[in-house]
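Hi everyone, thanks for coming.

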Amino acid sequence: MSNMNVESSMAKLEEARQLESVQFRLERALKEADDRLQAYQEDIQSQKEYLWNSRDEMDHIEKISTRDSIQQSVTTGEFVLGQRKRMVKLRKSPYFGRFDFHAEGDEKARPVYIGVHHFYDEVDKEHVVFDWRAPIASLFYDYETGPAKYEAPDGQVSGDIQLKRQFRIRHGQIELMIDSAVNVVDDVLQDELGRATDDGMKNIVATIQRDQNAIIRNDQAKTLIIQGVAGSGKTSIALHRIAFLLYRFKDTLTSEDILIISPNSVFADYISNVLPELGEETVNEIGMETLAKELLKDQYRFQSFFEQTAELLEKNDEEVKRRLRYKASPDFLKQLGRYADEVEKNRFASEDLWIARRLVPGWLLEETFRKHRNLDTTARVAQVAREMEQKIGIQYNYDLMPEQRKELKAAIKGMVKQSTLRETYKRFFDWADQPEMFKPAKGGRLEYADVFPLIYLKMRLEGVRSPYRRVKHLLIDEMQDYTPVQYAVIARLFSCKKTILGDAYQSVNPYSSSATDDIRTAFRDATCVTLNKSYRSSYEIAQFAQRISPNPDLEIIERHGDEPEVLSVNTRKKEIAAIKDRIEEFENSRFNTLGIICKTQKQARRMHKALEGESDRLQLLSEDSQSFAPGVIVCTAHLAKGLEFDHVILPEVGQANYFTDMDRNLLYVGCTRAMHRLTLTATGEVTGLLAPV
Ligand SMILES: Nc1ncnc2c1ncn2[C@@H]1O[C@H](COP(=O)(O)OP(=O)(O)OP(=O)(O)O)[C@@H](O)[C@H]1O
């Protein structure tokens, strides 16, 4: 494995000239686009004026045809505007890679430049830059120099890669240029990973790794489950996969057809940058709680996931844990399913009915009632009554009078064993001989763990018309935090393709989580992939996190940094003082984000208060936060999952604060948020969850 810096000044000169030429062509194309846009604008304006001035003389057909022509100009104008936008983006950094490919049968090799977007020069009739998602671009990610092949639309193309070069071009200048002979992008990757955080998640197009590329370009899997260690690039890959699919299926898939289920608004905001950076629109995003509210039509009040986790952390109540564990088990889902069957079977006490001295047989009532199991009870009774009325009409040639119609409906209603959904759900626990497993939360609300079982029951007994039928691709992040019942609900709601990703080691609520195998059970057609290489954290930080949750399969990228520090002091005052020192160092460093990750929200609030005035950029994240800015961010591990910071401080890591299984996961999530620096502080003895070196 050896990367070779390009010494040859000839090559540098050649590439500088190439860049100049691309820039010249871009400027020329931009000017052309501007002229065309101007012409469209004038054309639209003059057609509108014509339509207005001649409206009295024009007949209907003429008006329609002029309007159509205006609309056509608008559409073409929008297309050119889109092209223009992409060219403006390319201006700053037209490409990041080049390889020279000698395809079999061709006379010689030709250079292929790869960028975030495609650029076709209309004047010279030449593809100047290829989109990273184009079939030929996969050669860049999949091969080094030597024999190579790719799948073109017309079939496989084989050949030979003769040169492979990577660039970092910023503000129109080549900042870095590396020829790689053996290994993909190693130096450029190191360089990228060593940089400080940006405003949000960044795109990784220039340094996508081979195994990541295979996942991104997988357009076959109906459901793709990605289990990956912390910092392995799962979220990045999933978003790049979406961008790839939007490109690959551009005629049938648009950003409006995609939905992301994300853990919270801060995370949603954090990742919202990536798709626009890749030239796609942002996609819709929803949290599990909003989903639940929509499905229950706001009829039931319930505790939030955040509150459930807070309760667990602050009270450490064994009863709560038992309830959660039970409701997160695959067995619970099976039992609930059996219960739903039984309720449905015994729900309707049909008997022969005499209306207007005509017989409506019990078996017919029963059959018709069964047929409409996807309606809620009121609609179902009304539908059965309607069908019976029709049958009486046909069979007896008799039309019911209004009074008789009412009587029929009331009789059918009387046959239904009425109870509310909540009562039916509550009765499940008696049926399962576990009455102590149902307990309302504060204020009579449902416990969060009961929300999706209730929805599941509703779906089984009443049917729920999915409000998400339009969705063609669903992306679920942090998959480990959802239970089998939640997956059963999702499987019924979304029949579309799915990308599901997460890490079993990072459950912030291990009493209500799912292992990959449980998730697989919900999606029988799933393809599973595993990512074991961690990119986010320096080697030292990733090794340190192994002391909390060892994973024998973990591979750590060799990027070295400071050893994490564990500070144990004897008073809280000294602990706060040490944290303040680190904040000062941070303010004078090259870093942009410092995350101070606490165990509970209460501890975060207290920490935020203690640090008041230490930084102009001090922020506290809470359940209601929508986003965060660069600076010092105080939050809990629960809110920090999925995010990353240049420097992370975990305060209060004493034995009294971190000792349960759940604490272990939180500690692990906290540490693995750090890219370059990690500090743990404790007053007194440090937690035993940190295995000795
Ligand atoms: N091929 C790559 N090139 C450059 N950076 C990468 C690459 N793969 C991953 N990274 C970086 O690694 C970090 C982690 O990526 P990401 O957040 O997508 O991982 P994750 O697996 O979802 O993490 P976690 O589960 O810990 O939240 C990001 O900074 C990302 O840019």
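So, how much space lies in the largest cavity? About 510 Å³. Quick housekeeping before we go on: this is a predicted model, so local features need pLDDT of at least 70 and side-chain atom pairs count only at pLDDT 80 or more, while totals for chains, interfaces and linings use all residues. Residues are numbered from 1 along each chain as its sequence is written, and side-chain values use heavy atoms, with hydrogens and water left out.

Okay, what's a cavity? On a 1 Å grid over the protein atoms alone, it's a set of points where a 1.4 Å probe fits but cannot get out; a pocket is an open set with protein on both sides within 12 Å along at least five of seven lines; and lining residues have an atom within 4 Å of a point. Points are joined across faces, edges and corners, and a volume is the space filled by probe spheres set on them.

There are 5 cavities of 30 Å³ or more here. The largest cavity is lined by 30 residues, and G231, G233, S236, R536 and E644 are the closest to its centre. By class, that lining has 9 nonpolar, 12 polar and 9 charged residues. (Nonpolar is Ala, Val, Leu, Ile, Met, Phe, Trp, Tyr, Cys and Pro; charged is Asp, Glu, Lys and Arg; the others, Gly among them, are polar.)

Some of those names come back with the ligand. A residue counts as near it with a heavy atom within 4 Å. Of the 22 residues around the ligand, T207, Q212, K234, S236 and E644 come nearest. Now the polar contacts, pairs of N or O atoms within 3.5 Å. A backbone N or O atom of G231 sits 2.9 Å from a ligand oxygen, and one of G233 sits 3.0 Å from a ligand oxygen. From R536, a side-chain N or O atom is 2.8 Å from an oxygen of the ligand.

On to the largest pocket, with about 1,200 Å³ of space. It has 37 lining residues, and F79, G82, Q83, R86 and G279 are the closest to its centre. They divide into 14 nonpolar, 8 polar and 15 charged. The element that gives the most is α2, with 11 residues.

Last stop: is K641 buried or exposed? Buried, with a relative accessible area of 1%, where buried means under 20% with a 1.4 Å probe, protein chains only.

Key: Helix = DSSP H or I, 4+ residues; strand = E, 2+ residues; numbered from the N terminus. Buried < 20%, exposed > 50% of the residue type's maximum accessible area, 1.4 Å probe, protein only. Polar contact = N/O pair within 3.5 Å; in protein donor to acceptor, adjacent residues only side chain to side chain.
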